[in-house]
Amino acid sequence: MALEPKQINQLNVISFQTNFLRLPNVNFFCQKVTIPSLAIGTALQPTLFSDIPVEGDKIVFEQLSISFIVDEYITNYLEIYRWLIAMGFPDQADQFNLSEGMIGAGNSTDTLKTDMNVILQTNKSNPNFNFTFKDAFPVTLSSLDLDASATSLEPILATASFAYTGSFSIDKIN
């Protein structure tokens, strides 16, 4: 007798929404989110015949990756660009516009880090699961590919990767 799953509806690739408090323009144009993979390391226990793999004790999480359509005034691209410049090596004092006393203070746009949420929806577009990435900050922002020889007007996509503190949480939404 085969066991049947209680839930047979599949997760749809387009059934998600984002809630990035610090990036409202990226939120609106977000096209793709890659939920990070995770892996646990292994150790090898030597034996007389062949080594035996043993589970490790540390999980490694990939970075959160998003893709978004760049708007005509590049406001969404600039949101991440200016954030990276402020964290990195600004050329001018006004580029470092984050109050030092506010760093890590929560979800404010005046901090180096912010929480980012990805909400998975059911097939009826109801919120189902919330993925929360704590204290996220950008680490990469892709190039913008402009092409005068293009034969169709495809939107320009940019990709950004974010590091975050520890693991991410997955919570069921009632």
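A salt bridge is taken here as a side-chain nitrogen of Lys or Arg within 4 Å of a carboxyl oxygen of Asp or Glu. Lys134 is partly exposed, having a relative accessible area of 44%, whereas Asp115 counts as buried at 16% relative accessibility; buried denotes under 20% relative accessible area, exposed over 50%, and partly exposed the range in between (1.4 Å probe, protein chains only).

Residues are numbered from 1 along each chain as its sequence is written, and side-chain values use heavy atoms, with hydrogens and water left out. Because the model is predicted, local features require pLDDT of at least 70 and side-chain atom pairs count only at pLDDT 80 or more, while totals for chains, interfaces and linings use all residues.

The protein chain contains two helices and nine strands, assigned as DSSP runs numbered from the N terminus (helices H or I, at least four residues; strands E, at least two). From the N terminus on, the order of elements is β-α-β-β-β-β-α-β-β-β-β. Of the 174 residues of the protein chain, 29% count as buried. Among contacts (heavy atoms within 4.5 Å) with a separation of 6 or more, 62% join residues 24 or more positions apart.

Strand S7 (residues 127–141) also holds Asn130, which counts as buried at 17% relative accessibility. The side chain of Asn130 makes a polar contact with that of Thr132 at 3.3 Å; such a contact is a pair of N or O atoms within 3.5 Å, where, within protein, one must be able to donate a hydrogen and the other to accept it, and residues adjacent in sequence count only if both atoms are side-chain atoms. Apart from neighbours within four places in sequence, Asn130 is in contact with Asn117, Val118, Ile119, Ser169, Ile170, Asp171 and Ile173.

The accessible surface of the protein chain, about 12100 Å², belongs to carbon and sulfur atoms for 55%; areas come from the Shrake-Rupley method with a 1.4 Å probe, and for residues only the protein chains shown count as cover. Leu38, Ile40 and Ile59 make a nonpolar surface patch of about 270 Å². Patches comprise residues with over 30% relative accessible area and no salt bridge, like charges being joined within 9 Å and nonpolar side chains (Val, Leu, Ile, Met, Phe, Trp, Tyr) within 5 Å. Ile59, found in strand S4 (residues 52–61), counts as partly exposed at 42% relative accessibility.
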